[in-house]
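Thanks for making the time this morning. I would like to walk through one model slowly, going from the whole chain down to single side chains, so please have the structure open as I talk.

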Amino acid sequence: NGCDFKYCCVFSAWIHGDPRKVVYPTDSHGQFCGQQDTPNANKAILFYFNMLKCANPAVLINLQCPTTQLCVSKCPDRFATLLDARNTKNWEYYKQFCKPGFEIGSKVRDSVPLCGIKSFFVTSCHFSHFTLLLHHRGIASLLNAKEVGMKIFEDYANSWIWILIGLVITMVVSLVFIMLLRFTAGVLLWLIIFGVIIAVGYGIWHCYWEYSSLMGKPGSNVTITDIGFHTDFSIYLQRSQTWLIFMISLSVIEAIIVIMLIFLRSRLRIAIALLKEGSKAISYIMSTLFYPVITFFLLAICIAYWAVTAVFLASSGNAVYKVAPADDKCMYANLTCNPQTFNKSNITKVCPGSQCMFAFYGGESMYHRYILVLHLCNLFVFLWLVNFTIALGQCTLAGAFASYYWALKKPDDIPACPLYSSFSRAIRYHTGSLAFGSLILAVVQMVRIVLEYLDHKLKGSQNACARFLLCCLKCCFWCLERFIKFINRNAYIMIAIYGKNFCTSSKDAFFLLMRNVVRVAVLDKVTDFLLFLGKLLISGSVGVLAFFFFSRKIPVFQEEVPSLNYYWVPLLTVIFGSYMIAHGFFNVYAMCVDTLFLCFCEDLERNDGSSSRPYYMSPGLHKILRKGEEIPKSSAAS
C-alpha cells in the first residue's frame with residue numbers, strides 16, 4: 001500500500017545514500033577531500049587544474065569537466081613558470097599541487113591552475129608561462145556572490161545576539177498585547193487602527209522630507225535603473241527617486257486602509273466584540289498561546305525528515321568514471337571506464353594521454369533510474385506531513401476553544417486541561433480525518449508545484465496557447481487550494497465539536513457557513529483585517545526600533561552596535577522574524593475567533609434563548625451580533 005511504498009523509498013534512500021558525497025568534495029580518483037582517517041584528511045579544497053576545459057558546453061551534457069581533480073590543503077597564492085618551478089626551493093611548494101608520483105621531468109599536459117569553491121578541482125601538474133586574467137562574467141559573478149555571502153555571514157555572526165533580543169521583544173509585546181485585549185479590546189483595536197494610519201502617514205511625511213532634501217543635491221536625480229543592482233542599500237537611499245517610490249507606495253497603502261475602514265465601519269463594533277470574546281477565551285485557556293511552539297517543533301521534525309531523506313536520495317548513486325581524452329579525436333571519449341583496469345586496457349594505446357576520471361554519482365540499476373520519482377515521492381510526503389501538522393494544531397485549538405464556548409457557566413463549566421484533552425482526542429480519534437484532509441490539500445499543492453515547474457520550462461516557448469492554458473491552470477489550482485484550506489479549517493472545527501468524520505464535517509461546515517454567508521463575508525474579513533493590522537503594527541514597530549538601532553541613530557546604544565557590512569541584513573531578519581512570531585500568536589487568536597463564530601452560528605440554530613434551550617453565548621455578544629444584523633435589514637427595507 002501507500003505507507004509501505006513510502007517506507008520502502010525512505011529505507012532504500014537510507015541504505016544506498018551516503019551524505020559524505022554531499023558534504024565532502026570528490027577528486028578524480030573518487031576519494032573524498034577533507035574526510036578524517038583518509039590520506040586527504042587535511043586536504044579539504046578541490047582544485048581545478050585547467051578551468052578553461054570546463055567552459056566546454058559538452059560539460060553540461062556529460063556532467064564531467066575533462067581536467068584532473070586534486071585535493072589540496074590550501075589554494076595556491078603564487079604563480080611561476082616551469083623554469084622557476086625547477087628550482088629546488090620553489091619545488092617544495094609547488095609539488096603539493098601536482099598529481100602523486102609526478103616528477104619534474106614528466107610531460108606537462110594541462111595549462112593554467114585555478115582554485116575555486118567546493119566544486120572546483122585540480123589535476124596533473126603544470127606551470128604556465130603566463131598569468132591568467134579572469135574576465136569570464138560567470139566566474140566573476142560567482143566570486144562576487146561568494147564575497148557577498150561571506151559578508152552576510154559575518155553580519156549574522158556579529159549581530160545574532162541583537163537579532164535574538166529583537167525577536168524576544170516581539171514575543172513579549174505580542175503576549176502582552178493579547179493579554180490586554182481581554183480588558184481593553186475596543187480601545188486597543190482602535191489604537192491599532194489609528195496607530196497604523198498614523199505610522200503610515202508619518203512614513204509618507206518622512207519620505208516626502210527625504211525627497212525634498214535630496215532634490216537639490218548633485219547626483220540625487222540619477223535613476224535607480226542607471227545605478228543598477230548594488231548590495232549596499234545606502235546607495236539607493238541617496239537617490240530622490242527611491243524616496244518618491246516609497247512615498248507613492250505608502251500613499252496607496254494609506255488610501256486602501258482608509259477606504260476599507262469607511263466601508264466596514266458599521267461592522268467594526270461586531271468584530272471588536274468577537275475579538276473581545278476571543279481574548280476572554282484565551283485568558284481562561286492561556287496554554288493555547290504556547291501551542292505554536294509544539295507546531296513549530298513538529299514542523300521542524302518534518303523539515304528535518306524531508307531534508308535528510310533528500311540528502312540520502314541525492315547521494316545514493318555509485319561513483320561513475322568516464323574517459324577524459326587528451327584531444328577531441330578519441331573514439332572512447334566520455335565512455336564509462338574502470339580506474340583499476342584502465343591502464344591495462346586498449347584505450348590508453350588508442351588514445352594516448354587519456355585518463356579514467358571521476359565524473360558523477362549515479363548508476364544504471366532500476367533504483368537509480370527512478371531517483372527523480374523518489375524525490376517527488378519524498379516531496380509529496382513532506383507536504384502531507386506539514387499539512388497534517390497544521391491540521392492537528394487547528395483541530396486541537398478548536399477543541400479547546402469549543403469547550404470554552406459550550407460551557408454554560410463560564411468559567412466553572414470549562415473542563416480541566418482543555419488543551420491537553422483536545423490534543424488527546426485529536427490524536428486518538430481524529431487522526432484519520434486529519435490525514436485525509438491533509439492528503440487532499442497535499443495533492444493540490446503537488447499539482448501546483450508541477451505546474452510551476454512546467455511554467456519555468458516553458459518560459460522561452462513561443463507557443464502562446466500553451467502558456468495561456470498553463471496560466472489558467474495555475475490560477476484555477478491556486479483558487480482551489482485556497483478554497484480547500486478554507487473548507488478544511490472549518491471542517492476541523494466541526495470535527496473538534498462533534499467528532500464526526502472529515503466528509504460529514506466538511507459538508508456540515510460548508511452548509512452552516514452558506515446559511516450564514518453574510519456574517520461570514522463581513523465578520524471573517526473584518527476580524528482578519530484587524531488581526532493583520534495588529535501583526536503589522538507589532539512587526540513594524542520592532543522593525544523601526546531595529547532600524548534606528550542598527551543605523552546608529554540611538555545615541556544611548558551607539559557604542560553597542562556591532563560593526564556590520566550591510567545593516568539591512570539583521571534589520572530584514574528582525575522584521576521577518578517579528579512578523580512570523582506575531583503571526584504565530586495571532587493565528588491562535590484567529591483560530592479562536594473562527595471557532596467561536598462557528599459555535600455561535602450553531603448555537604443560534606440549535607437554541608432559542610428559552611429556559612429549556614438557553615444560548616451558550618454571552619449576553620453581551622448576542623446583543624451586539626443581533627444588533628449588527630438589523631443594520632443590513634433596515635438598509636434593504638429602505
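This is a predicted model: local features need pLDDT of at least 70, side-chain atom pairs count only at pLDDT 80 or more; totals for chains, interfaces and linings use all residues.

In terms of secondary structure, the protein chain has 21 helices and 5 strands. If we take the contacts between residues at least 6 apart in sequence, 73% of them join residues that are at least 24 apart.

Let me turn to the annotation. The UniProt record, which is an unreviewed entry, carries the annotation "transmembrane region" for residues 160-180, 187-205, 243-264, 284-308, 367-385, 427-451, 529-550 and 566-586. What does the model show over residues 160-180? That span is 100% helix and 0% strand, with its end C-alpha atoms 30 Å apart. For residues 187-205 the chain is likewise 100% helix and 0% strand, and here the end C-alpha atoms are separated by 26 Å.

The largest nonpolar core has 92 residues, and the members that touch the most others within it are Phe401, Leu530 and Tyr589. Which helix gives this core its largest share? That is helix H20, residues 568-606, which contributes 19 residues. If we then follow Tyr589 and leave aside its neighbours within four places in sequence, we find Tyr589 in contact with Ile178, Leu181, Leu275, Lys276, Gly278, Ser279, Ile282 and Leu531. There is also a second, separate core of 7 residues, and Tyr321, Val323, Phe342 and Phe358 are among them.

Glu254 sits in helix H9, residues 240-263, and counts as buried because its relative accessible area is 14%, under the 20% cut-off. Not counting residues up to four places away in sequence, Glu254 touches Val196, Ile197, Val200, Gly201 and Ile204. Asp524 belongs to helix H19, residues 517-550, and is buried as well, with a relative accessible area of 17%. The C-alpha atom of Asp524 is 8.7 Å from that of Phe597, although the two residues are 73 places apart along the chain.

On the outside, a nonpolar patch on the surface is formed by Trp160, Ile161, Leu164, Ile165, Ile169, Val173 and Leu545, which together have about 610 Å² of accessible area. The largest share of the patch, 6 residues, comes from helix H6, residues 137-215. Leu545, for its part, is in helix H19. Is Leu545 buried or partly exposed? Its relative accessibility is 44%, so Leu545 counts as partly exposed.

I will end with the charged pairs. A search of the whole structure finds 8 salt bridges, and I will show some of them. In one, the side chains of Arg448 and Glu481 meet at 2.5 Å, N to O. Arg448 is partly exposed, at a relative accessible area of 23%, whereas Glu481 is buried, at 8%.

Glu481 has another partner, Lys485, and the closest N and O atoms of that salt bridge are 3.5 Å apart. Lys485 and Glu481 both lie in helix H17, 4 residues apart, which is about one turn of the helix. Lys485 is partly exposed, with 40% relative accessibility.

Asp455 is buried, with a relative accessible area of 18%, while Lys474, at 21% relative accessibility, counts as partly exposed.

Definitions and conventions. Residues are numbered from 1 along each chain as its sequence is written. Side-chain values use heavy atoms; hydrogens and water are left out. Helices (H or I, at least four residues) and strands (E, at least two) are DSSP runs, numbered from the N terminus. Buried means under 20% relative accessible area, exposed over 50%, partly exposed in between (1.4 Å probe, protein chains only). UniProt positions are given in the numbering used here, feature names are shortened, and annotations may be inferred rather than shown by experiment. A nonpolar core is a set of buried Ala, Val, Leu, Ile, Met, Phe, Trp, Tyr and Cys residues joined through side-chain atoms within 4.5 Å. Contact means heavy atoms within 4.5 Å. Patches are made of residues with over 30% relative accessible area and no salt bridge: like charges are joined within 9 Å, nonpolar side chains (Val, Leu, Ile, Met, Phe, Trp, Tyr) within 5 Å. Accessible areas come from the Shrake-Rupley method with a 1.4 Å probe; for residues, only the protein chains shown count as cover. A salt bridge is a side-chain nitrogen of Lys or Arg within 4 Å of a carboxyl oxygen of Asp or Glu.
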